[in-house]
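Hi there,

Here is the structure I promised to pass on to you. Have a look at it first, and then read my notes below.

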Amino acid sequence: RAFLVDELASMDRDEFLRAYGNVWAAGSDAVFPSMLWDAANVSTLETGRPEAGQEVRYGVDVSVQRDAAAVAMAWRGAGGRVHVALIAHGPGTDWVAGEVERLRERWEGPVSVDGSGPGSTLAVRLPSVDVLTGRRVMRGCGDLYDSVVSDGVRVARDGALSRAVEGAVRRPSSDGFVWGRRKSVTDISPLYAVTLAAEGVLQAK
């Protein structure tokens, strides 16, 4: 109990509730309005997969501690909605390049990484890599948020991605926001991977 009292004294209320109360961030700190995020999440049967040969975009990200990495894929589905899916999330980073190569054998497409994030070190190992500037990452976060709010995206339901969203917070950046790596209380590499993958598809309207 004394430990929790000390932690509460060192954090703001929302941060404490996220870390120790399993409560979503409230108000402007929440990554997405929870009801709209839930509505965007559908089963993999509904999102499906791209048709063979259809161009997609991939997103790769690494946790701040570099103890986990994530690979996501985005494509435009029937009806014009963008579909995104977390394809893999696992310990370490050594497996990432092989997973991307395996996926690109069926669906070709560029691989996006955050040029200022932990995943940037993987750029030399990845094929057809697109290193996003800070401004593009900020735009990608805003675009994904807008798409969730406007019912313009379908997200393949995934536990690791849901946990990342629940523990993530927004961080102001220039004239927009990004997902805050340091203040988030979970590994948010799945959220960033999905965001980086969706960025190129959402901009190719």
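Arg81 counts as partly exposed, because its relative accessibility is 30%, which falls between the 20% and 50% cut-offs. Please keep in mind that this is a predicted model. The side chain of Arg81 meets that of Asp151 in a salt bridge, at 2.9 Å from N to O. Arg81 sits in the loop between strand S3 (68–76) and strand S4 (82–91), while Asp151 is in the loop between H6 and strand S7 (153–156), so the two are 70 residues apart. Asp151 is also partly exposed, at 37%.

In total, there are 10 salt bridges. Side chains of opposite charge can pair when their charged atoms come close. Another such pair is Asp130 and Arg57, at 2.8 Å from N to O. Asp130 belongs to strand S6 (residues 129–132) and Arg57 to strand S2 (residues 57–62), so this pair ties together parts 73 residues apart in sequence. Asp130 is buried at 18% relative accessible area, and Arg57 is buried at 16%.

What about Arg139 and Glu199? Their side chains meet in a salt bridge of 2.6 Å, N to O. Because Arg139 lies in helix H6 and Glu199 in helix H8 (residues 189–203), the pair ties together parts 60 residues apart in sequence. Glu199 is buried, at 1%, whereas Arg139 is partly exposed, at 34%. Shared partners join Arg57, Asp130, Arg136, Arg139 and Glu199 into one network of salt bridges.

Finally, the largest pocket has a volume of about 280 Å³. Among the 16 residues lining this pocket, Asp114, Ser116, Arg171, Arg181 and Tyr192 are the closest to its centre.

Best wishes

Notes:
Residues numbered from 1 in each chain as written. Predicted model: local features only at pLDDT ≥ 70, side-chain atom pairs only at ≥ 80, totals over all residues. Heavy atoms only, no water. 1 Å grid on protein atoms, 1.4 Å probe; cavity = no way out; pocket = protein on both sides within 12 Å on 5 of 7 lines; lining within 4 Å. Points joined across faces, edges and corners; volume = space filled by probe spheres on them. Salt bridge = Lys/Arg side-chain N within 4 Å of Asp/Glu carboxyl O. Helix = DSSP H or I, 4+ residues; strand = E, 2+ residues; numbered from the N terminus. Buried < 20%, exposed > 50% of the residue type's maximum accessible area, 1.4 Å probe, protein only.
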